[in-house]
Amino acid sequence: MDLSEIAKAAGLRTPVRHQLFINGEFVDAASGETLPTLNPHDNSLIAEVAMAGAADVEKAVQAAEAALPKWQRMAAMDRGRILLKLADLVEENAEELARLESLDTGHPIRDSRILDVPRTAVTYRYFGGMADKFQGEQIPVEAGFLNYTLREPVGVVGQIVPWNFPLMFTSWKMAPALAAGNCVVMKPAEITPLSSLKIAELMAQAGMPPGVVNILPGLGQIAGQAIADHERIAKIAFTGSTATGRRIVQASAGNLKKVQLELGGKGANIVFEDANLVAAVNGAAWAIFHNQGQACIAGSRLMLHEKIADAFLEKFIPLANSIRLGNPLDPNTEMGPLTSAQQRDRVLGYVQVAKDQGGEILAGGQAPGGELAKGCYVQPTIVRVKSAQDRVAQEEVFGPFVTVLTFKDDAEALQIANSTDYGLGSGLWTSNLQRAHRFARDLKAGMVWINSYKRVNPGSPFGGTGLSGYGREMGFDAMREYTQVKSVWVNVDAQITPHYAR
Ligand code: NAD
């Protein structure tokens with residue numbers, strides 16, 4: 001089918017041949033090359049997108065450098081005003097953004113409508129409001145001196161995001177960076193560039209000065225690496241795999257750029273014997289099956305107290321089996337396809353790994369047949385593993401794939417929960433207050449949810465420890481990450497005794 005017909009069928013208004021966004025304009029890549037973007041529902045072509053290379057990165061950095069002096073000196077409230085306007089525009093274009101996101105990533109449209117788009121709008125709004133609230137300090141020092149700190153933007157910031165939540169993750173990265181007065185070179189994932197290009201269009205409408213934001217779809221090894229290596233980029237903020245995170249750290253050594261990493265996870269979701277089982281079953285399904293499990297904070301290791309394990313699974317397995325898989329654009333769909341055929345194959349590969357290590361498939365474990373066979377679908381999959389050390393209980397699968405283990409007491413639960421190299425998000429379900437807070441203290445994680453899972457808010461710090469990376473997105477922490485502190489000393493009336501009396 002012709003590209004424009006595909007777009008029309010999906011109800012898209014945006015042109016389907018996309019360009020890079022550099023210096024406030026949509027332009028072709030210097031090489032003229034493009035990348036195809038596929039619909040994971042049936043692997044049909046949705047768009048051809050210009051593919052950035054090192055020359056385009058250089059052009060974007062130059063545009064950002066040229067825009068920086070004016071942008072960082074602009075009244076913070078005026079920077080904020082542009083982000084507030086952008087938040088309004090995201091809401092005005094909500095349906096188109098939701099469709100683009102669903103078409104490109106496979107998110108069920110009902111999730112794109114009630115989660116991805118509203119969360120994106122609130123993130124731009126939160127940081128729009130934050131721009132003139134974040135401030136330096138005055139420090140009480142010795143008599144006669146005034147000492148204060150300035151919070152300065154770090155400069156030109158490179159941002160690299162993955163394909164699992166492209167719309168939301170670009171807002172998590174761009175909103176605080178811009179509020180703090182930085183200019184941005186953003187690279188969306190090669191397979192999901194569409195919603196961020198729509199945001200570029202809305203940025204221009206919101207009055208963002210040219211060069212402040214540059215959006216460059218392209219391959220990780222080419223455009224991503226060029227951003228990571230760039231000597232005049234002052235900071236990289238990255239979300240993606242731990243392997244790529246390591247490469248980015250290595251590349252940062254050249255100009256000692258700041259690095260912020262949000263990497264993988266292997267979230268423990270612990271259900272104690274005194275939990276509200278109905279809430280825990282629903283919460284556990286949400287924790288792993290939302291977005292087809294393609295979330296760094298997914299509750300991918302379900303840990304059940306041995307006394308309630310059978311009762312829990314009696315409810316959990318039929319719930320998983322009843323989740324409605326289908327075309328993401330259908331409002332009745334509860335689970336869409338994985339975002340790429342590569343990711344589907346990777347997840348199915350892990351089903352085999354689980355079986356090879358003696359894992360018992362309690363639900364799913366296959367790609368569905370029929371109409372969905374040509375898409376990137378995987379059934380909701382539950383695997384009882386033999387040991388917390390099994391590969392599927394240690395490695396990030398990044399799909400609708402949850403491992404089940406039982407434990408006998410709190411000590412064993414904590415030991416299992418903390419037994420991976422990751423440390424991003426963990427959840428626990430209990431009615432014992434002391435236990436809840438003790439686990440919150442003792443879990444190796446950047447985020448802990450008690451009697452819930454996967455809550456996020458632009459005000460609440462987001463990030464991990466260990467192989468899950470470092471630095472925090474969201475809230476005041478994000479503003480700290482995107483600024484550097486300058487300490488200013490003023491001699492107000494100090495009489496200084498000369499050191500070198502002559
Ligand atoms: P990835 O780390 O390769 O890609 C993430 C982003 O980094 C993309 O924009 C990519 O183009 C870019 N990139 C790739 N190589 C680069 C390089 N050398 N220099 C700079 N940028 C580079 O992740 P993936 O291939 O998309 O997914 C692989 C696995 O990573 C998944 O299966 C999952 O386990 C994990 N993952 C985690 C997250 C998360 O949110 N933490 C997101 C996506 C993927």
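Visitor: What classes of residue make up the lining of the largest pocket?

Guide: That lining has 15 nonpolar, 14 polar and six charged residues. Ala, Val, Leu, Ile, Met, Phe, Trp, Tyr, Cys and Pro count as nonpolar, Asp, Glu, Lys and Arg as charged, and the others, Gly among them, as polar. The model is predicted: local features need pLDDT of at least 70 and side-chain atom pairs 80 or more, while totals for chains, interfaces and linings use all residues. Numbering starts from 1 along each chain as its sequence is written, and side-chain values use heavy atoms, without hydrogens and water.

Visitor: What is the volume of the largest pocket, and which residues lie closest to its centre?

Guide: The volume of the largest pocket is about 990 Å³. The lining counts 35 residues, with W163, F238, G240, S241 and T244 closest to the centre. Helix 8 (220-229), strand 11 (235-239), helix 9 (242-252) and helix 12 (341-356) each give at least two residues to this lining.

Visitor: Which residues of the second largest pocket lie nearest its centre?

Guide: They are Q72, R79, R151, E152 and P153, out of 17 lining residues. The volume of this second largest pocket is about 320 Å³. Strand 7 gives the largest share of its lining, four residues. Nine of the lining residues are nonpolar, four polar and four charged.

Visitor: Why is the pair of F312 and F316 called tilted?

Guide: The structure holds 13 aromatic pairs. In this one, the ring centres of F312 and F316 are 5.4 Å apart and the planes stand at 45°, so the pair is tilted. Rings pair if their centres lie within 6.5 Å; planes under 30 degrees apart count as stacked, over 60 as edge-to-face and the rest as tilted. F312 and F316 both lie in helix 11 (residues 309-322), four residues apart, which is about one turn of the helix.

Visitor: What makes F312 and F316 buried?

Guide: Buried means under 20% relative accessible area, exposed over 50%, and partly exposed in between, with a 1.4 Å probe. F312 has 0%, so F312 is buried. F316 also has 0%, so F316 is buried.

Visitor: How do you know that the charged end of K454 sits over the ring of W286?

Guide: A charge sits over a ring if NZ of Lys or CZ of Arg is within 6 Å of the ring centre and within 35 degrees of the ring normal. The charged end of K454 is 5.6 Å from the centre of the W286 ring and sits over that ring. K235 lies over the face of Y482, at 4.1 Å from the ring centre.

Definitions and conventions: Rings of Phe, Tyr and Trp (its six-membered ring) pair if their centres lie within 6.5 Å; planes under 30 degrees apart count as stacked, over 60 as edge-to-face and the rest as tilted. On a 1 Å grid over the protein atoms alone, a cavity is a set of points where a 1.4 Å probe fits but cannot get out, and a pocket is an open set with protein on both sides within 12 Å along at least five of seven lines; lining residues have an atom within 4 Å of a point. Grid points are joined across faces, edges and corners, and a volume is the space filled by probe spheres set on the points.
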